[in-house]
Each structure stands twice: as C-alpha cells, then as structure tokens.
Amino acid sequence: AAGKYEYKVVGYTDGNAGKAAVVESSWIGNDTPRAVTDVVLSTVEGKPQLTFKAPAGGVNDGYIDIEGLRYRIVRNPGEEVLTENLADTVYIDEDELALAMYSYTVTALCGELESEAVVSNAMKFGEALSLPYGTEMETSAEMDLWTVVDANKDDRSWEYDEDDHEMAYTAYSAADDWLFTPPFKATEGSHTLSFRVRAFAYRYPESMEVTLSRDTVPGESQQVIDSYTEINSTLPDLYTVDFEVPSEGVWYVGFHVTTEDPWGLYISTCSIISNVISGIDEMPLGGKLYFDRNREALILGETGDVQVVSSAGTTVVVRRQASEQLDLSQLPAGFYIARFRTVGGETYQVKFVK
C-alpha cells in the first residue's frame with residue numbers, strides 16, 4: 001500500500017542480537033498530488049479563461065504520474081462541475097453565462113487521488129440584464145455587479161455595507177464619485193427608475209445627479225436624467241425618476257455624488273422597469289388595474305383573480321375573486337408585477353414599485 005515504511009536491520013552473532021539500525025523509506029507508491037498554483041481567471045474575447053500551473057510533485061514528495069494528471073474544473077456560483085478530464089492547464093468556458101461574478105475551482109486528479117482545491121479570482125461575465133431589474137442589496141454578490149468610479153481619485157468612494165445592506169458614500173472631501181448599476185438591455189421609450197436613499201444627518205444635505213449612459217466612464221457620455229440638492233432625510237426616502245431611453249441597446253444608470261462637503265449618503269434599494277408595451281404587457285390597462293402608492297393597494301376595475309410577483313420571480317400574493325382594491329401594505333419595499341384576470345377572461349398586467 002502507498003505510504004512510508006520503516007526498516008530495521010539487526011546483526012546477530014551466535015544468537016546474540018546487536019543494536020538495530022533503523023531507516024525510514026521515502027514515499028512508496030503513488031502520492032497525492034499537490035495543489036495547482038498560479039490560478040488566474042482572465043477574459044479572452046469576452047469568455048472566461050482559466051490558467052494555472054501543474055502540481056510540482058506529491059504532498060509527501062513521492063511519485064505522481066505527471067502524464068496521467070487530470071483536472072476538475074468547477075464554476076461558482078452554483079458549484080457546477082464543467083469537466084473532470086482536463087489534461088491541459090488552460091480552460092476556456094464556452095457556456096452562455098447570465099450576468100454574475102464568477103470564479104472557478106481547480107482540483108488536480110491522479111487516479112483516485114486528488115489535491116486540495118484552489119479557487120481563482122472572481123470576475124464579472126455574462127450579458128446585460130433584462131428588465132425588470134430590482135435589488136434590495138441583500139448580498140455583496142449582488143453589489144459586485146455594480147461599478148464604482150472614484151473620479152476625484154481620493155481613494156474614498158462608494159462601498160457596500162454588509163450590515164445595513166446598502167451602498168454607502170462616506171468620503172469627507174469634495175465629492176466626484178460614481179456608482180453605476182449593472183448593464184441592462186432596454187428598448188427605446190419610457191422607463192422608470194426607483195431607489196431609496198438617505199443622508200447621514202438632517203443638517204448636512206447631500207447633492208446627487210442621476211445619469212443614463214452607454215458606459216461607466218464619467219464625462220460627456222453621461223446624460224443627466226434628474227438631480228437633487230437637498231437629500232437630508234435620515235430615513236430611506238423613495239425617489240422615482242421617469243426617463244426616456246433614446247435607442248435600443250445596453251445602458252447604465254449612474255448615481256453621481258456632487259456634495260461639496262459630504263457627510264454620508266446611502267442607497268438601499270434600486271429598481272428599473274420598462275414602460276414600453278411588449279409581449280408580456282398584453283394590452284393597455286384601460287383603468288382596470290393600477291397601483292395606488294398612497295393607499296399601498298392595487299385598484300381593480302372589476303372582479304377577478306390577482307397574482308403579484310416579486311422582482312426575484314417569486315409569487316408573493318394570490319387572491320381569487322378580488323374586487324375594488326387589494327391591500328398590499330404587508331409587502332416590503334421593492335419592484336413587483338401584478339397580473340389580473342377578470343371574470344370575463346380579460347387579462348391585464350401592471351409593473352409597480354412599492
């Protein structure tokens with residue numbers, strides 16, 4: 001069996017034993033390979049490329065079959081095994097990926113023996129998000145899809161606060177810092193942005209611009225769609241911005257802090273919806289379904305069945321034979337889609353932010 005062995009040599013003269021000489025062998029048999037090294041994730045023509053160096057030997061300095069080494073590649077998040085038979089030390093992920101932060105785990109395999117796993121750096125891959133988009137900033141993984149630009153290069157900018165689940169801007173020098181949403185696909189026409197923001201203190205109002213652009217480069221490419229000079233509530237206030245997307249394509253919304261003497265600005269939710277009639281909009285509402293923000297209720301033009309779906313795609317409310325209005329005050333703040341089917345079989349849909 002594989003392992004290290006101890007050998008003793010004893011000399012005898014007429015049945016009298018001498019002192020034993022003891023020697024330990026080196027590793028006998030196949031050794032477990034060491035972990036791979038220099039694991040680097042990069043991009044080649046928009047695809048994730050993983051490179052690494054083969055193990056330098058066995059963990060016990062024993063023999064490993066270099067020619068027979070194979071590698072297991074696992075993609076994160078999801079812990080999806082992509083291959084267990086890679087003979088090369090370069091791997092390109094050819095799958096179509098949803099927009100997310102990805103890393104890869106590499107394990108060296110030598111027969112039934114396997115090394116310790118090594119995880120690569122993480123990078124953003126995948127196509128732009130489809131609308132509607134909504135986040136309550138619950139995890140750092142969500143916020144890794146956002147882009148921070150320290151335009152004034154003072155090494156202080158937006159940071160994710162894991163305890164309060166918000167993006168925090170706490171620099172104390174004249175602000176010129178940007179926070180961009182993930183890229184999203186949008187058609188030409190009307191869209192609505194909603195977000196919640198608060199200030200550090202009432203006596204120290206904050207200033208901010210909201211922009212629309214094709215990139216995350218501060219400058220002339222940024223089209224200002226709204227601006228604020230008196231953000232001073234210490235509780236997260238809901239702001240809603242209606243804006244026009246000039247042409248179909250991939251876009252970003254940017255939050256540009258412009259306070260001359262900032263004390264603190266905090267964004268805790270964000271959603272973007274399209275108001276352009278599409279296949280899922282089915283038909284104009286005709287006044288038979290809308291959300292009343294003041295009453296926190298869906299207003300129904302006649303009796304029918306209602307389904308409310310969250311931005312995560314989870315059904316949160318189902319009511320049969322509802323009429324007049326449906327109280328939604330119990331729902332947390334966020335983006336929702338309501339679907340309404342009348343007794344007569346007509347179907348309506350409305351997107352709203354609570």
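This tour goes through charged side chains of a predicted model, selection by selection.

Residue numbers start from 1 along each chain as its sequence is written, and side-chain values use heavy atoms, with hydrogens and water left out. Because the model is predicted, local features need pLDDT of at least 70 and side-chain atom pairs count only at pLDDT 80 or more, whereas totals for chains, interfaces and linings use all residues.

Begin by selecting glutamate 84 and arginine 72, whose side chains meet in a salt bridge at 2.7 Å, N to O (a salt bridge being a side-chain nitrogen of Lys or Arg within 4 Å of a carboxyl oxygen of Asp or Glu). Glutamate 84 belongs to strand S8 (residues 80-86) and arginine 72 to strand S7 (residues 70-76), so the pair ties together parts that are 12 residues apart in sequence (strands are DSSP runs of E, at least two residues, numbered from the N terminus). Glutamate 84 is partly exposed, its relative accessible area being 44%, while arginine 72 counts as buried at 16% (buried means under 20% relative accessible area, exposed over 50%, and partly exposed in between, with a 1.4 Å probe and protein chains only).

Next, select aspartate 305 and arginine 320, which form a salt bridge with their closest N and O atoms 3.9 Å apart. This pair links distant parts of the chain, with aspartate 305 in strand S29 (residues 304-310) and arginine 320 in strand S30 (residues 315-322), 15 residues apart. Aspartate 305 is partly exposed at 23%, and arginine 320 is exposed at 62%.

Move on to lysine 185 and glutamate 127, a salt bridge in which the closest N and O atoms are 3.9 Å apart. Lysine 185 lies in strand S20 and glutamate 127 in the loop between strand S13 (123-125) and strand S14 (129-130), the two residues being 58 apart. Both are partly exposed, lysine 185 at 37% and glutamate 127 at 48%.

**A network, and the total**

Selecting Arg75, Glu80, Asp93 and Asp95 together shows a network of salt bridges. By the rule given above, the count comes to 12 salt bridges.

**A negative patch**

Finally, select Glu188, Asp242, Glu244 and Glu248, which gather in a patch of negative charge on the surface (patches join like charges within 9 Å, from residues with over 30% relative accessible area and no salt bridge). Glutamate 188 sits in the loop between strand S20 (184-186) and strand S21 (189-199), and at 55% relative accessibility this residue counts as exposed.

Definitions and conventions: Patches are made of residues with over 30% relative accessible area and no salt bridge: like charges are joined within 9 Å, nonpolar side chains (Val, Leu, Ile, Met, Phe, Trp, Tyr) within 5 Å. Accessible areas come from the Shrake-Rupley method with a 1.4 Å probe; for residues, only the protein chains shown count as cover. Lys and Arg count as positive and Asp and Glu as negative; His and the chain ends are not counted. The place of a charge is taken as NZ of Lys, CZ of Arg, CG of Asp or CD of Glu. Helices (H or I, at least four residues) and strands (E, at least two) are DSSP runs, numbered from the N terminus.
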